[in-house]
2 protein chains.
Amino acid sequence: MNTLFKALNDPTRREILEFLKEKDLTAGEIADRFQISKPSISHHLDLLKQAGLVSAVKEGQFICYSLNTTVLDELLKWLMNFKNEK
Amino acid sequence: MNTLFKALNDPTRREILEFLKEKDLTAGEIADRFQISKPSISHHLDLLKQAGLVSAVKEGQFICYSLNTTVLDELLKWLMNFKNEK
DNA sequence: TTGATATTTAGACAAATGTCTAAATGTTTT
DNA sequence: AAAACATTTAGACATTTGTCTAAATATCAA
């Protein structure tokens, strides 16, 4: 839960998720969409991966990232916990 | 959205929300539940207030905090945006 | 009005975070 | 084999964050 909130607590990372919602992308394609250096994007992708929000598959010299929404169910459950009773 | 995620990105603050889910509490009552100094708790409460997650009402020399779940609807909507299509 | 209580504000400080450049690793292509 | 490309790792640096103590503000009680 901690790593999930941490991963989501950054505009760049949330925007990466938005892009990946449209379609899978390689690290380079993702980096091209931002005015941030590739190593920085790589770091963001690492945090997203740690949180289970994205998965990475190596395809030749590229690494293809895709969105993983199952982790968000946990967050959804956490949210509902507040909206329910009272 | 930014302030909301920022506010939620801390275990202490999330625990404060859990306590406030049970019932409204004064700043002191909240601080008593943690092994953190009162000024630090006060600061956490300020961030939660900035995010609209809690509201504060002065009652004499006390300040009573209560949970405000309406802001979480925004987060819920953001979440659903990912779970929907695709 | 003086003292006690409740809370916040101010300022300091270490740790975490986001960013960068330079270098390393791994894969293709010629 | 060597050069080009894709990505990450390493290390540095400034900013943000969470915490603390000391002091300020405000309210209640004697």
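Trainee: Let's begin with a helix. Which residues of H2(A) are buried?

Mentor: Keep in mind that this is a predicted model. To call a residue buried, we ask for a relative accessible area under 20%. In H2(A), the residues that count as buried are Thr12(A), Arg13(A), Arg14(A), Ile16(A), Leu17(A), Leu20(A) and Lys21(A).

Trainee: How many residues does H2(A) have, and what distance does the helix reach?

Mentor: A helix can be checked against the span expected from 1.5 Å a residue. H2(A) has 12 residues, and from its first C-alpha to its last it reaches 17 Å, close to the expected 16 Å.

Trainee: What caps the N-terminal end of H2(A)?

Mentor: Look for a side chain that meets the backbone there. The cap is Asp10(A), which has a side-chain oxygen 2.9 Å from the backbone nitrogen of Thr12(A).

Trainee: Now charged pairs, please. How many salt bridges are found over all chains?

Mentor: A search of the whole structure gives four. To spot one, look for a Lys or Arg side-chain nitrogen within 4 Å of a carboxyl oxygen of Asp or Glu. One of them joins Glu18(A) to Lys21(A), with 4.0 Å between the closest N and O atoms. Both residues belong to helix H2 of chain A and are three residues apart, about one turn of the helix.

Trainee: What about the salt bridge between Lys21(B) and Glu18(B)?

Mentor: In that pair, the closest N and O atoms are 3.9 Å apart. Again the two residues lie in one helix, H2 of chain B, three residues apart. Lys21(B) is buried at 9% relative accessible area, while Glu18(B) is partly exposed at 27%.

Trainee: Which pair crosses between chains?

Mentor: To find such a pair, check the chain letter on each partner. Lys83(A) forms a salt bridge with Asp73(B), and their closest N and O atoms are 2.9 Å apart. This pair goes from helix H5 of chain A to helix H5 of chain B. Both ends are partly exposed: Lys83(A) has 27% relative accessibility, and Asp73(B) has 36%.

Trainee: Let's stay with H5(B). Which of its residues are buried, and where do they sit around the axis?

Mentor: The idea is to look along the helix and see which way the buried side chains point. In H5(B) the buried residues are Val71(B), Leu72(B), Leu75(B), Leu76(B), Trp78(B), Leu79(B) and Phe82(B). They cover an arc of only 160° around the axis, so they are on the same side of H5(B). On the other side, Thr70(B) and Lys77(B) are exposed.

Trainee: What covers the buried residues of H5(B)?

Mentor: Both chains take part. The cover includes helix H1, H2, strand S3 and H5 of chain A, together with helix H1 of chain B.

Trainee: How do I read a sheet? What is the order of the strands in chain B?

Mentor: Start with which strands pair, then list them side by side. Here, three strands make an open sheet in the order S1-S3-S2, with antiparallel pairing. S1 and S2 are the edge strands, since each pairs on one side only.

Trainee: How many bridges join the strands?

Mentor: Two bridges join S1 to S3 in chain B, and Thr26(B) stands opposite Cys64(B). Six bridges join S2(B) to S3(B). Among the partners there, Val54(B) goes with Leu67(B), and Glu59(B) stands opposite Phe62(B).

Trainee: What do S2(B) and S3(B) form?

Mentor: They form a hairpin with two residues between the strands. In the turn, Gly60(B) has a positive phi of about 65°.

Technical notes: Residues are numbered from 1 along each chain as its sequence is written. Chains are lettered from A and ligands numbered from 1 in the order in which they are written. This is a predicted model: local features need pLDDT of at least 70, side-chain atom pairs count only at pLDDT 80 or more; totals for chains, interfaces and linings use all residues. Side-chain values use heavy atoms; hydrogens and water are left out. Helices (H or I, at least four residues) and strands (E, at least two) are DSSP runs, numbered from the N terminus. Buried means under 20% relative accessible area, exposed over 50%, partly exposed in between (1.4 Å probe, protein chains only). The expected span of a helix is 1.5 Å times one less than its number of residues. A polar contact is a pair of N or O atoms within 3.5 Å; within protein, one must be able to donate a hydrogen and the other to accept it, and residues adjacent in sequence count only if both atoms are side-chain atoms. The arc is that of the directions from the helix axis to the C-beta atoms. Contact means heavy atoms within 4.5 Å.
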